[in-house]
Each structure stands twice: as C-alpha cells, then as structure tokens.
Amino acid sequence: MAEYEQWRIRVGGVVQGVGYRPFVHTLATSTGLSGWVLNDTLGVQTEVRGTAAALAGFTAALRDRAPVLARVDEVRVESREPWHGDLGGPFEIRESVRTGRARTLVAPDSHVCDDCLREVLDPADRRHRYPFANCTHCGPRYSLIKGLPYDRAQTTMADFAMCGACRREYTDPADRRYHAQPTACPDCGPQVTLSGPDGVRARAGEALDAATEALAAGRIVAVKSLGGFHLAADARDARAVARLRARKKRDSKPFAVMAPDLRTVESIARCTAAERELLRSPARPIVLLRKIPAAVPEEVAPRNPNLGVMLPSAPLHHLLLDRPGLDLLVMTSGNISGHPIAYRNEEALEQLFEVADLILHHDRDIHVRVDDSVVRSSVHPGLDEPMITFLRRSRGYAPYPVKVAGVAQPVIAYGAELKTTVALGDGNEVYVSQHIGDLKNDETYASHREAAAHLTELYELKPRFIACDMHPAFRARVLAATDRPEDVVEVQHHHAHMAACMAENQLSGTTVGVVFDGAGYGEDGTIWGGEFLLGDFREVRRAAHLRPVPLLGGDRAVAEPIRTGYALALQALGGPDAALGAFPALGALDERQRAVFATMAERGIQSPPVTSMGRLFDGVAALLGVCGYAEYEAQGPIELEGLLGRDLTMTQPYVFGVEPGDGDADVVDPRPVIRAVAADLARGTPLEAVSRRFHSAVVAMVVKRCTALRERHGVTQVVLSGGVFLNEFLQVNALVELRRAGFAAFAHRLVPPNDGGLALGQVMVADARTQALPPPGPNHGGAS
C-alpha cells in the first residue's frame with residue numbers, strides 16, 4: 001500500500017478576492033495532488049497529499065506563481081499524519097470558514113484586466129460595452145468590502161442576484177470568474193444612469209453614448225468611478241478646461257488627465273521605463289510626468305513642468321474614451337471646493353451640479369471613499385534605481401499594510417489636520433488608510449471617523465491606545481481626547497514624521513531626523529517646521545532648527561506668502577524701504593500694508609514666530625515675484641521648483657548662517673541667503689538660476705548640519721521627512737549628497753513624506769512609549 005505525505009499549508013497576505021483558491025486548485029490538480037483549499041479569516045488554508053517532491057514543488061509555487069493581484073507574505077507548512085493508500089478524491093475548493101479574528105489582508109482596488117477589456121470591446125461578447133466587467137484578476141475590492149472573509153455577502157454587490165450565466169462562471173473553478181465577488185453582466189448587474197439638473201436623461205448604453213457626446217461637445221460630466229466621482233472634461237478643449245476651472249474655483253492648481261493608452265501618454269509627456277511601469281500597474285495611479293510643451297492646453301497645468309497622467313482603471317473609463325476625437329480627459333476629484341470627493345449618488349446629485357452639466361452615476365454602491373493615488377518617479381545618476389515617492393497614497397494601494405518590527409499592543413493613530421490618514425498597528429503590520437483629506441469641514445471629519453471605524457471593524461481589532469497630534473486645536477486630537485482620554489498618546493508632529501520614515505525603512509536606534517514642512521506644534525508651544533531631530537521612536541530632542549520668522553497675520557500668511565516674503569526681507573535688510581528696494585515684487589503691498597506689517601513684525605502683533613522651511617520657500621517664491629498670493633497649498637514652492645523644469649542639477653549654492661541656540665541646538669539663519677538673493681536680482685540674474693541656487697543652498701545646509709551632528713554625537717543614520725520633501729530637487733539631491741558624505745540616508749518610499757504618512761509614525765511612537773504598560777481589561781473599548 002502506497003504511503004504519501006500530507007501537509008497543511010497556511011498562506012497569508014493579499015490572497016482573498018484575487019483568484020488564489022482557483023489558482024491553488026489548478027496547481028494541485030496539474031501536480032497530481034489531492035486535498036482541499038478554503039478561505040478563512042487568517043487568509044488561505046490548504047491541505048494536500050502527495051509525494052514529498054510534488055508537495056515541495058507545490059509549496060514553492062504558492063509564492064512564486066501566485067496570481068497577479070496576490071501578495072504572498074508568508075507560507076507556513078505543518079506536516080500531518082502520513083496518508084496510506086490512494087490519494088483520495090479530486091482536489092476540492094471548500095466554503096469559507098471563520099477561525100477567529102480577521103487577519104487576512106484586504107486587496108486594494110485594481111484596474112480592469114486585458115481579458116475583461118477584450119470582452120467589453122467585443123461586439124460578440126455578452127458583456128459588450130458593459131462598464132462593470134471584472135474577474136478575480138481585476139476590479140473593485142477595498143472600496144466595496146464591508147467585512148471579512150471576502151465573500152459577496154460582505155460587499156456592496158450583495159443586493160445583485162447573479163443570473164444563470166454568471167452563476168455558472170462563479171461556481172466553475174476553471175473559470176477566471178470563480179468566486180469573483182463583484183462579477184455581473186448586463187442582465188443581472190449594476191447599470192449606469194445619466195442625470196441632468198432636471199432629472200434622468202438616459203440609462204445603460206444610451207447613457208454612455210450621451211455622456212461621451214456631451215464631453216466631445218465641451219460639457220463637464222461628473223463620473224462615478226471606482227472610489228468616488230471625477231469631474232471630466234475634454235482636455236484638448238481649452239475653453240472646456242477653463243470653464244471647469246471657473247466653476248470649481250480653481251484658477252491655478254494643476255488638473256490630472258486620463259489617456260486611453262501609453263501611445264497617447266507619450267504624445268503629451270516624456271515617460272521613462274519606470275513611469276510606464278507605474279502607469280500600467282494594477283493600481284493605475286496618477287503619475288507626475290514631464291510635459292511636452294504645447295502638447296496640451298496650458299490651462300490644464302499652468303506654470304508647471306509636470307502633468308499628472310493616469311490610464312483608465314475601469315471599463316467605464318475605457319468606454320468614455322472610445323470615441324473618435326475624444327482621446328484625453330481631465331479627470332479631477334469630484335467635489336466642490338474644500339470638501340471631500342463625493343462617492344454616494346445622493347450627495348453627488350445634490351452637490352455636483354454646481355460644477356457639472358451632467359452626472360453619470362450607477363447603482364453599485366461604494367462602501368469606502370477612495371481618491372486617486374499620486375506618485376512620482378525620480379531618476380538621478382547618484383541613485384541605483386528610480387526613486388518612487390507617493391504624493392498621495394490611496395486607490396490601488398490602501399489599505400495594504402506597512403511591515404514594521406512589531407507593535408506590542410494594538411494602536412490606532414488619527415493622523416493630523418491636513419491630508420490626513422488613519423493607521424492601525426497590530427503585530428508586524430500597520431494598516432494605513434486611504435487619503436482622507438483636510439479635517440477643516442464636517443464632511444471630511446465624518447469621513448475620518450468612518451475610516452477609523454472601518455479599519456477596526458474590518459480587522460476586528462480593539463485598539464489599546466489612540467495616538468494623535470499634540471496640537472490642542474486639531475480636530476483629530478479633540479476626537480481622541482473625547483473618545484477615550486485615558487488611552488490617548490500625544491505625539492509631537494515632527495517626531496511622527498521622523499518615526500514614519502524610520503518605520504517604513506525598518507530602522508531602529510538613534511537617528512537624525514531632518515523634518516521640513518509647513519507647520520507643526522512644537523514642544524515649546526510654538527510652530528516648528530525646519531527641524532533637525534535626534535533620537536528614536538521613543539523620544540527625540542531638537543538638535544537644530546531654522547531661525548524663527550514672524551508669521552504676519554497667522555494663517556493669513558499661508559494664503560498670502562507675500563507677507564512671509566516681507567518678513568524675511570525685513571529681517572535680512574533692516575527696514576521697509578530697504579526691503580522694497582531689494583525686492584520689487586513687494587510693491588504688490590501698498591504703503592499702508594507695508595507700514596502695518598512692519599509694525600506687526602517688530603512688536604509681535606498677531607505674528608507668531610515659526611521655524612518653518614515651508615514658509616521659507618513661500619517667502620522666497622513671493623520675493624521673486626513667482627507667487628505672492630496662493631490659491632492652493634504650497635503653490636509658491638511648487639512654482640518656485642517648477643522654474644527648474646525637473647532638472648536636478650546642483651549649482652553653486654547660497655550659504656546659510658548658523659548661530660548657537662538653546663542648549664546645543666544650532667539655529668540655521670536664512671538671512672544671508674535672502675541678502676544673496678537680493679544681490680542676484682539686482683544683477684539681473686534669471687529667476688531659474690536664483691531658484692536653483694536657493695534649492696542647492698538648502699541641500700548643502702542639510703548636509704552641513706548633519707555632518708556637524710555626526711561630529712558631535714557620532715550618529716550616521718539620517719531620515720528625510722515632511723511635506724517640503726515632496727520637492728523632488730530637494731529630496732533627491734539631499735539623499736544623494738548625504739550618502740556621498742558617508743551617511744546612511746533614507747527617504748519615504750511607501751507613504752507620503754507629507755502628513756499623509758504621519759499616522760504611521762504616530763503608531764510607532766505610541767507603541768514605543770507604551771510597551772511597558774499592561775494589556776487592557778476584558779471590557780476595554782475600541783476606537784469610535
């Protein structure tokens with residue numbers, strides 16, 4: 001009687017909703033193995049019988065040959081009792097079971113695969129022109145999942161009963177739609193509707209045709225996509241784009257565009273191999289590419305060398321672009337100014353007619369609002385490979401976790417006030433939510449609470465601690481203190497930035513954190529933002545910082561950078577007349593304003609001191625006449641960097657001063673730089689050259705300060721974080737020059753440098769500070 005080995009194998013990672021069970025079934029059958037496979041709350045479990053050699057090859061293939069959307073993090077094997085006799089019956093796919101708390105990872109939303117797209121474009125196929133075609137290799141996931149295990153009843157597709165044809169595909173292990181939970185067809189699935197201000201205009205195929213006709217005619221159409229609504233317009237039509245800008249009250253901020261294919265992309269922007277790979281990845285993010293001059297109307301991305309470009313992520317997008325003469329669409333977030341993207345039909349129909357002429361919506365509900373991700377690929381001779389940076393991490397990436405060394409007890413972090421995310425830490429994983437936005441309005445605040453609740457419910461965790469920013473006025477902090485004040489861990493803003501970069505690079509030990517951003521509440525109650533920190537996850541101290549500048553009028557100076565420019569000029573040159581004489585752009589302030597602002601600066605009236613690198617960039621942009629009044633956040637710094645045309649070449653830098661501060665913290669003085677900028681302007685130096693010298697000066701200053709700290713403390717590990725490091729010139733050159741100077745230097749790769757990555761750092765700091773505390777009692781509550 002033959003004797004076979006019997007193995008039980010646990011596979012963890014993103015292995016549900018991605019065709020993993022049918023893959024295991026096919027693999028086992030082709031290898032001549034018997035047994036079974038099922039989904040549970042921990043991932044995928046399989047038990048197989050066969051020869052040792054066949055089982056070893058099968059186990060290796062579970063990782064090496066996994067489906068395209070799968071991400072296998074672990075494969076654990078447990079030997080069972082030997083199996084005597086024949087192998088048994090055929091290999092089975094069993095029903096999902098619950099085995100305790102959900103630990104499997106949720107798959108992000110994915111683009112439409114080539115097979116589904118071929119069906120949509122094939123007149124002979126039953127899904128011809130059906131905008132919701134999907135299979136186990138593509139389609140929505142995170143945006144429609146309500147709970148785990150990932151079954152149809154746990155999604156927003158639960159109300160759509162499958163027709164006979166779809167049911168046969170769904171139950172056939174050999175079909176690529178086997179247990180594809182959102183699967184549907186025109187006979188049984190969701191349908192599109194086109195509405196105008198006066199009500200429904202058309203449905204199904206007629207709605208699609210009418211929407212494309214409207215776009216081709218220069219009208220604005222709100223389109224319900226995977227994670228929310230877009231506002232779409234013909235990107236080739238300058239008047240349509242200008243009309244969209246006027247209605248959305250967005251005069252200058254660049255719009256993203258959607259192209260049907262890479263050929264079209266390469267006709268409007270320069271594209272490297274790494275950028276092509278990002279564009280074609282299942283996540284389908286917006287990728288910042290170098291514009292080809294005059295390839296698209298300037299109204300799409302004014303005064304910017306970049307163009308945010310994405311390929312279609314859903315069949316609906318392909319169908320909108322499947323019309324002669326309509327090959328490029330502006331696709332910007334579907335919201336009214338200051339609000340999060342609309343994702344429910346009722347809110348879109350109530351709000352978006354302020355901007356759109358028509359709304360193309362459908363009856364497949366979105367459970368989780370998920371905006372587009374935005375990424376950048378940077379190339380430099382000093383880098384071994386292209387450097388990928390997230391500007392926004394959302395659709396296609398969330399909520400895939402960041403792997404960390406370990407979180408002792410579950411922690412939820414509420415992030416910051418702007419560009420916020422939520423993060424949930426448990427064991428070796430921190431689940432970082434999709435981009436939520438700015439908590440300045442009640443809608444985004446509600447979305448923040450929903451995201452926190454969804455993560456904790458999805459992974460069935462009751463966080464032991466709540467981490468938040470220490471700023472007393474931040475809504476996220478108020479929420480934490482209201483919910484469970486005894487479990488709140490306040491984390492200094494810049495420490496969280498530093499910890500986030502350390503965590504995603506899996507670093508530990510004493511580190512120099514170079515953290516540059518617009519504003520963060522400091523340990524001394526003032527506003528920081530140009531910081532050199534020294535420490536680890538548990539604690540840091542301030543090792544150096546920018547010299548404070550008065551923020552004239554407080555937050556008004558953020559929207560009016562000319563105020564900060566004037567304050568810098570007053571500090572550097574000594575008085576209003578000298579400031580105006582050196583910087584003609586200050587002539588935009590009338591004589592009375594200059595006098596009032598000078599008094600405010602001198603006496604500290606409504607002018608809190610800030611050490612912010614973001615404000616320094618603001619001020620220099622204003623002094624050069626690049627941007628004195630900002631329509632959107634960081635417009636001045638973005639346009640100041642835009643003068644460089646994405647050319648990362650360093651030049652002879654200006655030189656910052658340095659003076660001793662409190663304790664052993666050096667104070668970095670920008671006044672010599674401002675005086676040198678004035679001298680260059682007086683000589684008629686081109687603005688591009690002045691901007692390059694200024695950027696190079698900041699890079700050189702970073703290396704010089706880190707070198708001084710190495711000499712003083714012996715620390716060679718450096719991380720770069722904070723929103724200012726979204727500046728490509730600064731980020732890439734600082735990283736390269738630090739490494740050339742002998743530092744182990746690291747930047748962000750998995751979460752954004754800005755406040756979108758802050759929650760990750762908050763989790764790590766809170767964990768480090770609370771590891772000695774006891775676990776909660778049996779009645780301890782979860783996050784609200």
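These are my notebook entries on a predicted model of one protein chain.

**Conventions**

I number residues from 1 along each chain as its sequence is written, and my side-chain values use heavy atoms, with hydrogens and water left out.

**Entry 1: the whole chain**

I looked up the secondary structure and found 23 helices and 31 strands in the protein chain, where helices (H or I, at least four residues) and strands (E, at least two) are DSSP runs numbered from the N terminus. The radius of gyration is 28 Å, close to the 28 Å that the globule rule gives for 784 residues, so the chain is as compact as a globular protein of that length; the radius is taken over C-alpha atoms, and the rule is 2.2 Å times the number of residues to the power 0.38. Along the principal axes, the C-alpha atoms fill a box of roughly 95 × 65 × 50 Å.

I then checked burial, and 61% of the 784 residues count as buried (buried means under 20% relative accessible area, exposed over 50%, and partly exposed in between, with a 1.4 Å probe and protein chains only). Of the contacts (heavy atoms within 4.5 Å) between residues at least 6 apart in sequence, 71% join residues at least 24 apart.

The chain exposes about 28500 Å², of which carbon and sulfur atoms supply 50%; these areas come from the Shrake-Rupley method with a 1.4 Å probe, and for residues only the protein chains shown count as cover. For the charges I noted 86 positive and 95 negative, with mean positions 1 Å apart. Lys and Arg count as positive and Asp and Glu as negative, without His and the chain ends, and each charge is placed at NZ of Lys, CZ of Arg, CG of Asp or CD of Glu.

**Entry 2: strand β24 and its two partners**

I followed strand β24 (residues 527–535), in which 8 of the 9 residues are buried. Strand β23 (residues 511–521) pairs with β24 in the antiparallel sense over 8 bridges, pairing being called when DSSP finds at least two bridges between two strands. One of the bridges links valine 514 to phenylalanine 532 of β24. The hairpin of β23 and β24 has 5 residues between the strands, and there glycine 525 takes a positive phi near 85°.

On to strand β25 (residues 540–546), which runs antiparallel to β24 and is joined to it by 5 bridges. Leucine 533 has arginine 542 of β25 as its bridge partner, and the hairpin of β24 and β25 has 4 residues between them.

**Entry 3: strand β14**

Strand β11 (residues 256–258) pairs with β14 in the parallel sense over 3 bridges, while strand β13 (residues 286–291) runs antiparallel to β14 with 4 bridges. Glycine 308 is the bridge partner of alanine 256 and also of leucine 288.

**Entry 4: residues around Cys627**

I found proline 561 in helix α15 (residues 561–573), buried at 0% relative accessibility. Not counting residues up to four places away in sequence, proline 561 touches several residues, among them Cys627, Tyr629 and Ala630.

Glutamine 635, in helix α19 (residues 635–642), is buried with a relative accessible area of 4%. With the neighbours up to four places away again left out, glutamine 635 touches Ser252, Arg303, Cys627, Tyr629 and Ala630.

**Entry 5: backbone geometry**

Most residues other than glycine have a negative phi, and most peptide bonds are trans. I noted that arginine 303, in the loop between β13 and β14, has a positive phi near 55° and is partly exposed at 44% relative accessibility. Arginine 129 has a positive phi near 60° and sits in the loop between α3 (114–121) and α4 (164–170). The peptide bond from alanine 398 to proline 399 is cis, with omega near 5°, and proline 399 lies in the loop between β18 (387–392) and β19 (402–413).

Key
This is a predicted model: local features need pLDDT of at least 70, side-chain atom pairs count only at pLDDT 80 or more; totals for chains, interfaces and linings use all residues.
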